[in-house]
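Thanks for coming. I have one model to go through today, and I will keep to the fold and a few residues.

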Amino acid sequence: MSFIHIVLLPVKADAPKELVDQVVSELNALEQKIPFVIRSRCGKTVTQRGQQYTHALLVELESGDQLQTYADHPDHQTVLSKIKNIISEPTLAMDF
């Protein structure tokens, strides 16, 4: 059975659109860069139900044992450093 990693991102209202678009694109491309990532989807919410969270990321891994390897992967670390520049407060993550 696969493993799901979800992250809610509170993107700053004044974050440069080009950087936000780049982060979303790079997050969506992780499935092509990290072999054990089955699916990676990131996008902006289309409702106000997310409260302060404007974007969400869903990553499907082959197994939960790969979560730390995913977190440490250079491609993930590269985009993570960019995420830190566009968020207004800590992210919210859930894994199952």
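Gln66 touches Phe36 and Leu61, not counting residues up to four places away in sequence; contact here means heavy atoms within 4.5 Å. Gln66 sits in the loop between β3 and α3, the latter being residues 67–72. Is Gln66 buried or exposed? Gln66 has a relative accessible area of 15%, and buried means under 20%, exposed over 50%, and partly exposed in between, with a 1.4 Å probe and protein chains only. Gln66 is therefore buried.

A word on conventions. This is a predicted model, in which local features need pLDDT of at least 70 and side-chain atom pairs count only at pLDDT 80 or more, while totals for chains, interfaces and linings use all residues. Residues are numbered from 1 along each chain as its sequence is written, and side-chain values use heavy atoms, with hydrogens and water left out. Helices (H or I, at least four residues) and strands (E, at least two) are DSSP runs, numbered from the N terminus.

Leu67 is in helix α3. Its relative accessibility is 23%, so Leu67 counts as partly exposed. Setting aside neighbours within four places in sequence, Leu67 contacts Phe3, His5, Leu61 and Asp95. Between Leu67 and Val7 there are 60 residues in sequence and 13 Å in space, C-alpha to C-alpha.

Now the sheet. Four strands make an open sheet in the order β2-β3-β1-β4, with antiparallel pairing; two strands pair if DSSP finds at least two bridges between them. β2 and β4 are the edge strands, each pairing on one side only. From one strand to the next the twist averages 10 degrees. Helix α1 packs on this sheet and touches β1, β2 and β3, and its direction makes about 160 degrees with that of β2. Axes are lines fitted to C-alpha atoms, for helices over the stretch in contact, and angles run from 0 to 180 degrees between N-to-C directions.

How many bridges join β1 to β3? There are seven, and the two strands run antiparallel. Val7 stands opposite Leu57 in β3. On to β4, residues 92–95: four bridges join this strand to β1, again antiparallel. Ile6 has Met94 in β4 as its bridge partner. Five of the seven residues of β1 are buried, so the strand is mostly covered.

Beyond its neighbours within four places in sequence, Leu57 contacts His5, Ile6, Val7, Leu27, Ser40, Arg41, Cys42 and Tyr70.

Last, the helix pair. The axes of α1 and α4 come within 10 Å and cross at roughly 155 degrees. These two helices are therefore roughly antiparallel to each other, a label for angles over 145 degrees; under 35 counts as roughly parallel, 65 to 115 as roughly perpendicular and the rest as oblique. Leu19, Gln22, Val23, Glu26 and Leu27 in α1 meet Val79, Lys82 and Ile83 in α4.
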